[in-house]
Number of protein chains: 2
Amino acid sequence: MIKEKLLSKKQLERYPVYLSYLKSLQDKGVINVSAPILAEGLSFSEEQVRKDLAAISSHSGKPKFGRNLKELVCDLEAFLGYNECAKAILVGVGHLGEAFLKFSGFNDFGLEIICGFDVDDNKIGNTIKGKPIYSIEQIAKIVKEHDIKIAIITTPNNVAQSVCDLLAGAGIKGIWNFATVHLNAPKGIVIENVNLASSLAVLSHKL
Amino acid sequence: MIKEKLLSKKQLERYPVYLSYLKSLQDKGVINVSAPILAEGLSFSEEQVRKDLAAISSHSGKPKFGRNLKELVCDLEAFLGYNECAKAILVGVGHLGEAFLKFSGFNDFGLEIICGFDVDDNKIGNTIKGKPIYSIEQIAKIVKEHDIKIAIITTPNNVAQSVCDLLAGAGIKGIWNFATVHLNAPKGIVIENVNLASSLAVLSHKL
């Protein structure tokens with residue numbers, strides 16, 4: 001029985017890191033892997049590795065052999081929801097938004113961006129990698145039609161809050177926010193921030 | 001006296017959030033701001049706001065008036081190093097790398113990307129927004145010539161570690177890593193990860 005509610009944010013963030021490392025081992029022909037090997041490769045403690053993997057995998061390792069790599073990869077992909085893509089929309093087709101629309105790698109992480117929205121008439125009506133760009137006035141309609149739960153905000157900071165309000169009104173449940181501002185959303189809407197300014201502040205401070 | 005060593009990662013991450021919020025207040029013509037106003041606007045506790053601001057600003061607020069917004073913005077920008085740009089290089093000119101080279105906003109956060117590096121002959125020799133793309137064999141030379149301390153990794157996962165080794169050998173001190181893999185670097189080199197797969201895992205799990 002997996003007790004998902006007990007997983008911390010830090011722990012959740014580690015699972016994709018395990019997965020990419022395990023896949024790199026698979027590419028090298030490795031069949032089994034032990035907690036000490038994972039701990040060393042990823043600079044985690046052995047205790048942490050054992051705890052993290054036990055929380056999401058019902059396959060336990062065998063003494064001397066370790067865990068079966070293939071089973072562990074399957075368990076991680078299932079836990080992370082990578083086997084079925086959730087559909088998402090993107091608002092703000094600037095440099096970053098355009099890059100995200102072009103990038104096919106999100107599908108590997110269980111996310112499929114189906115279209116973009118912008119206010120620029122030169123962009124509306126175009127497609128990027130086959131994904132249409134609509135006017136932001138169309139958000140509510142498209143969200144309803146495709147039963148979308150997730151939206152990505154890549155707008156300039158000064159309009160991010162009004163876009164957030166619009167998305168909340170359209171029935172979006174989760175927002176992946178790349179604007180470098182704090183967003184206020186109604187209760188029940190999850191916001192996950194990727195604040196590049198904050199990340200850079202940490203790097204600069206440590207240097 | 002500012003005790004910088006006591007600042008936590010979470011705290012450092014909040015300063016750019018304060019700054020963008022304070023600037024949005026400035027745009028609205030606000031002159032003074034109190035801790036309770038900031039706390040409410042940013043969903044932080046009042047105690048946290050007071051502690052965070054005291055750590056980086058020598059200007060204290062006046063009872064009834066609050067803090068002077070202009071002084072606070074100046075203190076934050078000085079603390080975050082936004083008044084002088086650090087030069088950086090970028091390795092991996094794919095969709096994300098290209099977007100970063102095009103994006104002028106990093107300059108506002110104290111970072112100037114001066115050039116990109118790639119292995120693709122079709123990209124090498126070109127410029128993006130005036131920034132040249134060089135062969136990765138040129139990394140050590142350019143880093144030395146321009147006394148570069150910071151590098152951004154936007155390569156595919158399977159080459160990120162070898163690029164990290166190359167950067168470490170070239171004398172880079174801080175790496176901003178956008179590959180979704182764990183990197184091992186020699187002691188003394190700071191790595192700040194922006195792992196989009198990890199961020200997405202948190203969002204998906206909460207939904």
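Mentor: Axes are lines fitted to C-alpha atoms, and angles run from 0 to 180 degrees between N-to-C directions. Please keep in mind that this model is predicted.

Trainee: At what angle do the axes of helix 5 of chain A and helix 5 of chain B cross?

Mentor: They cross at roughly 170 degrees and come within 9 Å. Angles over 145 degrees count as roughly antiparallel, so helix 5 of chain A is roughly antiparallel to helix 5 of chain B.

Trainee: Which residues of helix 5 of chain A make the contact?

Mentor: They are H95(A), L96(A), A99(A), F100(A) and K102(A). From helix 5 of chain B, the residues include E98(B) and F100(B). The residues of this contact divide into six nonpolar, two polar and three charged.

Trainee: Turning to the sheet in chain B, what is the order of its strands?

Mentor: The seven strands form an open sheet in the order 5-6-4-3-7-8-9, with mixed pairing. Strands 5 and 9 of chain B stand at the edges with a single partner strand each, so one side of each has no neighbour in the sheet.

Trainee: How many bridges join strand 4 and strand 6 of chain B?

Mentor: Three bridges, and the two strands pair in the parallel sense. I133(B) in strand 6 is the bridge partner of G116(B).

Trainee: Now helix 6 of chain A: which residues are buried?

Mentor: I139(A), I142(A) and V143(A) are buried.

Methods:
Residues are numbered from 1 along each chain as its sequence is written. Chains are lettered from A and ligands numbered from 1 in the order in which they are written. This is a predicted model: local features need pLDDT of at least 70, side-chain atom pairs count only at pLDDT 80 or more; totals for chains, interfaces and linings use all residues. Side-chain values use heavy atoms; hydrogens and water are left out. Helices (H or I, at least four residues) and strands (E, at least two) are DSSP runs, numbered from the N terminus. Angles under 35 degrees count as roughly parallel, over 145 as roughly antiparallel, 65 to 115 as roughly perpendicular and the rest as oblique. Contact means heavy atoms within 4.5 Å. Ala, Val, Leu, Ile, Met, Phe, Trp, Tyr, Cys and Pro count as nonpolar, Asp, Glu, Lys and Arg as charged, and the others, Gly among them, as polar. Two strands pair if DSSP finds at least two bridges between them. Buried means under 20% relative accessible area, exposed over 50%, partly exposed in between (1.4 Å probe, protein chains only).
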